[in-house]
Amino acid sequence: MTEYATLTVNGKTIELPVTEGKEGEKGIDIRRLRQETGYITFDPGFANTGSCKSTITYMDGEKGILRYRGIPIEELAEHSSFVETSYLLINGELPTRQKLNRTSVQLNDHSLIHEDMQNFYQNFPRASHPMGILSAMINALRSFYPELMTTDEGYEQTALRLLSKVRTMATMAYKISRGHKVEYPRPDYTYCANFLHMMFNTPVKPYIVRKELVKALNVFWILHADHEQNCSTSVVRSVGSARTNIYASISAGVSALWGDLHGGANQAVVQMLTEIYEQGLSVEKVVARAKDKKDPFRLMGFGHRVYKTYDPRAKILKKYVHEVLDKLNIDDPLLDIALELEEIAINDEYFQKYNLYPNVDFYSGILLKAMQIPTNMFTVMFAIGRLPGWIAQWRENLIDPEQRLVRPRQIYTGYNHRPYIPIDERVKDSEQW
Ligand code: CMC
């Protein structure tokens, strides 16, 4: 039996159907609201708005649960690879061995990028942020690979092309920023091993790919692979809702991810920890600053729109950071500072009142640092990980008959109607002050 919510507005009562998800979460379907009452809803940041129905990722922010296509991330991090998890997100099911092997072969086939694209890279100023370069270059892929996802086969090909080429493109940005020769992928390496090889191998110093780092990178990317309707994914869906091609939509997603409040937080966390270390700042004082409402500073890597408990991804990353640093015999003072910050913050009344716990970005930077990834590439690492999620969500949006052009409304608070004033009759600048 359909459940209804009753709303009385301006003397009129309407019944709004309640829609229910597979895990029991409920939403009031307000699609008829404006038509029947003339009112709209007001929800800045869409914290209370469900923008779609989705079969891809489930999260419970109160219990700290995250599952891709029903499978808990803890199990994926333990047993799966990033390629297998990407397949799961993009196709809905775990692959058979045969399908997984075919996917690896296809990823290898797609791993080169058009040599002409190297010219673009060469012309970015050396100090450019790699996220800006990545966003521009993903958009440029549309010109080099104009075939689009109009069929299921086209979808699969474009998805594999993006997964493989974006990884190559990220390493190219790094090599070129250092003024080094671009390193090509090796057909005998797995997806993650190849990334490390393309990043760090040089003609004068062969890079030995360590299995501990390959495992850590797989885990890092699995944990970032999707996170339902986060800021960048909502951007990818919004841009896609205008029937914009997938490259441009994902390029916009990369730009959204760049911000400090979203994926850019992983870079901001390590910068914050480094500052504490290099300037010998007191951790208590840093926490006190984060609580000071007059100070815009926030404790980076803490808090989340949906999680009101410990982010399950941060839990796994914290464990991996310890394991990897131990295995590689690295003693990173930033880890000690992070642990101290966490200890003080989670026992602090302010952080408890606002339910602020470490999020995915709090420990991830220390793991990336152990892999020798430069700080300005951290958010690019996040972007490569989020690709399968963006691809799956873009596609789901495209084929969902309930989806329409994304076009929110607003409450206008500007001037009421007023006349145009000819230029000579306007108040002069000098009179305004
Ligand atoms: N340090 C200090 N205070 C905080 C923090 C923090 N990290 N996060 C939230 N608050 C306070 C905030 O000041 C606000 O207080 P008040 O209501 O008195 O003004 C209250 O908590 C609610 O904050 P909000 O910004 O309205 O909440 P939100 O759900 O919009 O914010 C967030 C989520 C992630 C933007 C925020 O927690 C934050 O800025 N965290 C630091 C940046 C960060 O780590 N971002 C990565 C997020 S996880 C990965 C991802 O999504 O990419």
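Analyst: In this predicted model, tyrosine 68 has isoleucine 71 of strand E6 as its bridge partner. Strands of a sheet pair through backbone hydrogen bonds, either parallel or antiparallel. Here E5 (residues 65-68) and E6 run antiparallel and are joined by two bridges; pairing requires at least two DSSP bridges between two strands. Strands (E, at least two residues) and helices (H or I, at least four) are DSSP runs numbered from the N terminus.

User: Which order do the strands of the open sheet have?

Analyst: The order is E4-E5-E6, three strands with antiparallel pairing. E4 (57-60) and E6 (71-72) are the edge strands; each has a single partner strand, so one side of each lacks a neighbour in the sheet.

User: Against which helices do the buried residues of H12 pack?

Analyst: Buried means under 20% relative accessible area, exposed over 50%, and partly exposed in between, with a 1.4 Å probe and protein chains only. The buried residues of H12 include Val269, Met272, Leu273 and Ile276. H12's buried residues pack against H13 (283-291), H15 (333-346), H17 (360-370) and H18 (378-399), where contact means heavy atoms within 4.5 Å.

User: What conventions apply?

Analyst: Residues are numbered from 1 along each chain as its sequence is written, and side-chain values use heavy atoms, leaving out hydrogens and water. Local features need pLDDT of at least 70 and side-chain atom pairs count only at pLDDT 80 or more, whereas totals for chains, interfaces and linings use all residues.
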